[in-house]
Structures are given as structure tokens and as C-alpha cells.
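Welcome, and please open your viewer. We will go from stop to stop, with something to select at each one.

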Amino acid sequence: MNAAAAKNNDIVIPISLEWFITESCNLNCRYCSKDKPKYSEKDYSRGLSVIKKEKPKHIWIGGGEPLLVESLGAIIEEARASTGAKIALSTNMTMPDRAIDVMDNIDDLIISLDTADRDLSMEYRCVDPFQIAENIEKVTAAAKKKDKSINVTVNSVVYRKTLENDGIAELNDMLGRVSGDIYHILCPMFPKTHPESILSDEVYLERFRGLVDDLKKKGRKVIMNYPVGDGGNVPRAGGYRCYRRYFRLRMIENDCFSPCPGADAGNPFCHEPCNCAAFVDDILFAKNPEAVKCSPVAGRFTQDDIGKIERFVRERINPDLPGSVYRHLLRYGN
Ligand code: SF4
Ligand code: SF4
């Protein structure tokens, strides 16, 4: 680990490890924060040794565009074999054949696609949404043929222009036609201060909530994803109380670090809230035991791990939460 990680002794147990395996990307989205240098293959053995040492329960691999990494298939295979972790791959799905090549060791495929409005999609990301939908269909068909179970999620960044027409609802229809099993995550653009973010404008936020309600009423698999502060409000400039960073490691190329960029060590308030590893909140707060039961890390913890999580929650979050809510996380038989 680098100096930032060495200073941080706060990780309780690395439930989630996020590996930004490359900054390179074949797209150039208008809102992207990456540097996007030209891709060249690296030696990823240092990153793999961090994974083997930390043994996270869930590994998210993203970028940049991770499918540009030529050795990705071998890396994922080794990461999975050495940890038993669930593996999620985040991709722009412009290279379906590469996705098919590496799918054997992937549990979750997370695909970025914002809207079915072709002009808007071309303007912001230079991708044709209909082509991406075809690519998703190709990959899901290949998985079916192999009898490989893979959860497909489409992640839409929601910004003001996407709420000014029916592009998101049309995208949701389009995904439903590809497969009834695709989850559609709607994630407002961060940070809140970005001029195109809907989070700083109550009119857009109301429109967003209405859209999600409409899609849910139609029985669609749609998830509204943003961290909510006290009282269910979108976090304000004053900070958002977050405990996820005590359970989350981030790795950029081969450099592993935590804490998160938006928080100082020892302070649970974050000024740059993100949605990353949001499923960890379900475990920490356990407001809904069903969410713990369905967590991507259910069945992956030892009794010792659960003890550490329980102690942390009892001391810092909720002294009264019964430990029984964590039973679904326990790995039986070892
Ligand atoms: S697909 Fe992702 S990494 Fe690539 S340019 Fe777009 S936002 Fe950036
Ligand atoms: S909300 Fe802030 S502290 Fe929490 S995981 Fe995101 S960046 Fe880290």
C-alpha cells in the first residue's frame, strides 16, 4: 500500500475493494473526470498481491475502460480464485466480444448508458444507445448459451438534459425488451456543485423522483441511487455522515489507498459524497434485513468478520441493533 494507506489504520474489514484498473478509455464523455491516456499494458501483479492480502468480499473493477486491459481475464480469474469474492465489472460495453471473453469469472456486469435519446447520447458520450443495447443483447445471449449466470445492471448518470425529455424512460423500455432481468440504476451526476447536476435544483430533483415513481409503478427494476442524509435529504454542503470508508479500499492501477478523497481520517463526515460501494450501507445500517439477505456479499464472511462489523456498528452507529440481522452474511461450513 502507498503512504496514504499506511497512514490509515481505520479499515475495519475490507468488505469492498474498488480497482480502477486503468485510466484509459476509448470514449471521451463530457462529464468524465479521468485523464484518459492512451492504453498500454502494465504489470498488475502488485494490485493482485494487495487483493490476496486484504481478501475483500467484493471486488469492483472499473476504470477508464477495464476491457482495454489485455490481461483482464487472467487478472479476474486470479482475484476470484484467491479470495472467493464476488466480482463486478463496470464497462461502457462498446467491446462486447471482450466482455464475452472475460465473463466466466464475473458475477455482475455494470454498463454505463444514460439515455435512449441518440442525439443527446452522441453529444455527451459519443455512443449510440441502440448499438449499446445490441451489444448488451449479444453478451446476455452468449451468457445464456454458456449457462453462465450474470447480473446485468445499466447505470445511467442523470443530468439536467436527460430529464428534459423521455430519454430515460425510453431507455428503460429498451432494456426491458432486451431482458426483463436487467436492473436500471439512476444515479444523479456528482458533485452536487456541477452546473449540470440535478442535485442542486429542487425542480429537477422532483422530476427525477417522479420518473422513478412512474417506472416503479410500471413494475420496472429501477433503483434511485444517491446517498441520503438525515431525514432522507440529498446531502448538503455541510457534509454527509458516511461510514463506508471504514470498509472500503480503493486501488488505482496498482496503488491501494483509503480513506476516501472526501473525508479526513477519524471524521465520519464526507464533503464529496459518492455512491460507490453503496451496498455496504445496507450492512452497516441494516434497516431492512432483506437488503442484508440479498447483499452481493451475503454468505462471504467468517464469524470473526461479523464480530468486527457488529462491534463497529454497536460503538459508532447503533448500540441497539441486534446482531441477528447479520446472520445472512455468514459463510457456513468454515
Ligand atoms: S466511459 Fe467512463 S471512463 Fe470512459 S470517458 Fe466515459 S465516463 Fe470516462
Ligand atoms: S461518501 Fe465520501 S466517505 Fe463515503 S465512501 Fe463516498 S467518498 Fe468515501
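Before the first selection, two terms: strands (E, at least two residues) and helices (H or I, at least four residues) are DSSP runs, numbered from the N terminus, and two strands pair if DSSP finds at least two bridges between them. You are looking at a predicted model, in which local features need pLDDT of at least 70, side-chain atom pairs count only at pLDDT 80 or more, and totals for chains, interfaces and linings use all residues. Residues are numbered from 1 along each chain as its sequence is written, while chains are lettered from A and ligands numbered from 1 in the order in which they are written.

**The whole chain**

Start with a cartoon view. The protein chain has eleven helices and eleven strands. Of its 334 residues, 36% count as buried; a residue is buried if 20 or more other C-beta atoms lie within 10 Å of its own, exposed if 12 or fewer, and partly exposed in between, with C-beta atoms placed from the backbone. Two residues are in contact if these C-beta atoms lie within 7 Å. Among contacts between residues at least 6 apart in sequence, 73% join residues at least 24 apart.

**The sheet**

Now colour the strands. Nine of them form an open sheet with mixed pairing, in the order β7-β6-β5-β4-β3-β2-β1-β9-β10. Which strands stand at the edges? They are β7 (222–224) and β10 (255–257); each has a single partner strand, so one side of each is left without a neighbour in the sheet. On average, neighbouring strands here are turned by 20 degrees against each other, direction ignored; the axes behind that angle are lines fitted to C-alpha atoms.

Select residues 108–112, strand β4. Four of these five residues are buried, so the strand is largely enclosed by the rest of the structure. On one side, β4 pairs with β3 (residues 86–91) in the parallel sense over four bridges; show S90 and I110 to see one pair of bridge partners. β4 also pairs with β5 (residues 151–158), again in the parallel sense, over five bridges, and here D108 stands opposite N151.

Carry on from β5 to β6 (residues 183–188): the two pair in the parallel sense over six bridges, with V157 opposite C187. Then jump to β9 (residues 248–252), which pairs with β10 in the antiparallel sense over three bridges. Select M251 and you will find C256 of β10 opposite.

**The nonpolar cores**

Next, show side chains. A nonpolar core is a set of buried Ala, Val, Leu, Ile, Met, Phe, Trp, Tyr and Cys residues joined through C-beta atoms within 7 Å. The largest has 53 residues, and those with the most contacts inside it are I59, I61, I76, I87 and V158. Centre on I59: leaving out residues up to four places away in sequence, it touches L17, W19, I51, A79, A85 and I87. A second, separate core of 15 residues includes I283, I309, V313 and L329.

Zoom in on the backbone at G63 and G64. A cis peptide bond joins them, with omega about 20 degrees, and G64 sits in the loop between β2 (58–62) and α3 (72–83).

Select M93, in the loop between β3 and α4 (96–102). Is M93 buried or exposed? It has 26 other C-beta atoms within 10 Å, so it is buried. Its phi is positive, about 55 degrees, although it is not a glycine.

A277 lies in the loop between β11 (269–270) and α9 (279–285). Phi of A277 is also positive, near 50 degrees, and with 20 C-beta neighbours inside 10 Å this residue counts as buried.

Finish at R244, in the loop between β8 (240–241) and β9. R244 is buried, with 24 other C-beta atoms within 10 Å. Neighbours within four places in sequence aside, R244 is in contact with A277, V280 and D281. Draw a C-alpha to C-alpha distance from R244 to V280: they are 36 residues apart in sequence and 6.2 Å apart in space.

Conventions: Axes fitted to C-alpha atoms, helices over the stretch in contact; angles between N-to-C directions.
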